[in-house]
Amino acid sequence: MTRPAKDFFAPLAVGAPAPPREIPARPSRAIHFFDPGNEKMAAKVPDMVGTVDVLLGNLEDAVKAENKEKSRQGLVDIGRATDFGPTQFWTRINSLDSPWVLDDLTTLVPEIGDKLDVIMVPKVQGAEDIHYVDRLLAQLEAKAGLDRPILVHAILETARGVANIEEICAASPRMQGLSLGPADLAADRRMKTTRVGGGHPGYLVRQDPVRDDLGVPQYDAQRTSYQQDLWHYTIARMVDACAMHGIYPYYGPFGDIKDTVACEDQFRNAFLLGCVGAWSLHPVQITIANKVFSPSVEDVAHARRVIAAMGDGTGAVMIDGKMEDDASVKQCQVMVALADELAAIDPELKEQYDAISADGEVRA
Ligand SMILES: CC(C)(COP(=O)(O)OP(=O)(O)OC[C@H]1O[C@@H](n2cnc3c(N)ncnc32)[C@H](O)[C@@H]1OP(=O)(O)O)[C@@H](O)C(=O)NCCC(=O)NCCSC(=O)C[C@H](O)C(=O)O
Ligand SMILES: [Mg+2]
């Protein structure tokens, strides 16, 4: 049963900050994961501020059980000591059925709740998980005297979570977005890949066999095959559910750190489908995400050109032999809006986009 409309934006605890009416479109091309209990990684965090859109202190998988408390305390120390400037500060808490999550929340909100922008919740199964976190956060925020609500991000990593995707997005006004958790999801679905995200050489379509002069198929002759994207279906579902609810979809992790080429391809597929960012597990992946999730100068120039040519946005025009109309103007507006958001936080991109005139000419 969903909350009635009149109650949806009411705080869930006396004294808690009012939930947001809209989720701000803050750039989040890379959500960079680090283990706050790992001294080497933690030491790098201050210098990463401003170079990445989101710094996420991870407390869940990839942190050994015996280090959970150390990582939690490390996150508190980093949160207190760091001025995050334009960079968002997120955490991924332990899963709701784990022995650590209650301490995660009851420690982090009072200690660094004023610094935390978003709490990522793993293995979300349905609206009931978000309702639990929502109420608990409201109680803790009220107790801590916070004046701004912490947002919630759900990872889709179970078949049940994917089946309940719309109710998860709609469960709370705090919902900021969704990420794909391909490794846990593959296990839960009993998929037969052991990779952390990315494609698989066995998941492909093959060209039809050529036929000889008599029309007999030559099954043994050379045929081209095309590897397919194992994650297309889930990402597409995420994009629709998020767009419907005014929140943001993200591709998750790409575990083959050395394969920067395939990582870029996977990220770009997600960008083209509508995702706003991806996780970065290693510093090298920040560069990839920043590149892929920023529209190219050519795309922005084309978009500005179409918008200028379309005047009031109605009717149809021909540009470079292609028809542009009301619908393609809207696509171009999406591109330009993203470019403007990124230019506001990224001086290098600003310079590149500023070199494009309002009618799409790129100045040398
Ligand atoms: C993947 C890693 C274990 C690789 O670490 P390492 O072997 O140390 O890499 P390098 O030698 O190349 O490191 C070079 C230096 O960079 C530092 N480093 C490495 N990674 C990071 C980082 N994420 N943030 C900051 N700094 C980083 C190293 O310390 C080296 O420093 P130095 O020696 O001083 O030069 C490692 O990158 C890593 O653990 N990454 C994070 C992994 C993680 O968070 N995994 C969880 C998310 S994915 C997931 O959970 C699956 C998902 O839920 C699903 O279900 O799909
Ligand atoms: Mg996972």
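Tutor: Start with one term. A polar contact is a pair of N or O atoms within 3.5 Å. Keep in mind that this model is predicted.

Now look around ligand 1. The shell holds 20 residues, and those that come nearest are His 32, Lys 44, Ala 183, Leu 281 and His 282. By type, the shell divides into ten nonpolar, four polar and six charged residues. Three elements each supply at least two of the shell residues: strand β1 (30–34), helix α2 (39–48) and helix α8 (182–189).

Next, the polar contacts. Phe 33 uses its backbone: an N or O atom there lies 2.8 Å from a nitrogen atom of ligand 1. His 282 uses its side chain, where an N or O atom is 2.7 Å from an oxygen atom of the ligand. Glu 157 also uses its side chain, with a polar atom 2.9 Å from a ligand oxygen. How much of ligand 1 does the protein bury? Taken alone, the ligand exposes 1000 Å², and the protein buries 66% of that.

Stay with Glu 157, for it also meets the metal. The magnesium ion, ligand 2, has Glu 157 (OE) and Asp 184 (OD) as its protein donors, at 2.0 to 2.2 Å.

Follow the chain on from α8. Arg 190 lies in the loop between α8 and β7 (204–206). Its phi is near 60°, a positive value in a residue other than glycine. Exposed means over 50%, so Arg 190, at 66% relative accessibility, is exposed.

Now go back to Phe 33. Asn 58 belongs to strand β2 (54–58). At 5% relative accessible area, Asn 58 is buried. Its side chain reaches two partners. One is the backbone nitrogen of Glu 60, at 3.0 Å. The other is the side chain of Arg 92, in a polar contact of 2.8 Å.

One more loop deserves a look. Thr 82 lies between α3 (68–81) and β3 (88–92). Thr 82 is buried too, with a relative accessible area of 9%. A polar atom of its side chain lies 2.7 Å from the backbone oxygen of Ile 78. Beyond its neighbours within four places in sequence, Thr 82 is in contact with Val 49 and Lys 115.

To recap the site: Glu 157 has a polar side-chain atom 2.9 Å from an oxygen of ligand 1, and Glu 157 is also a donor to the magnesium ion.

Definitions and conventions:
Residues are numbered from 1 along each chain as its sequence is written. Chains are lettered from A and ligands numbered from 1 in the order in which they are written. This is a predicted model: local features need pLDDT of at least 70, side-chain atom pairs count only at pLDDT 80 or more; totals for chains, interfaces and linings use all residues. Side-chain values use heavy atoms; hydrogens and water are left out. A residue is near a molecule or strand if one of its heavy atoms lies within 4 Å of it. A polar contact is a pair of N or O atoms within 3.5 Å; within protein, one must be able to donate a hydrogen and the other to accept it, and residues adjacent in sequence count only if both atoms are side-chain atoms. Accessible areas come from the Shrake-Rupley method with a 1.4 Å probe; for residues, only the protein chains shown count as cover. Helices (H or I, at least four residues) and strands (E, at least two) are DSSP runs, numbered from the N terminus. Ala, Val, Leu, Ile, Met, Phe, Trp, Tyr, Cys and Pro count as nonpolar, Asp, Glu, Lys and Arg as charged, and the others, Gly among them, as polar. Donors are N, O and S atoms within 2.8 Å of the metal (3.2 Å for Na, K and Ca); water is not among the atoms, so sites may look incomplete. Buried means under 20% relative accessible area, exposed over 50%, partly exposed in between (1.4 Å probe, protein chains only). Contact means heavy atoms within 4.5 Å.
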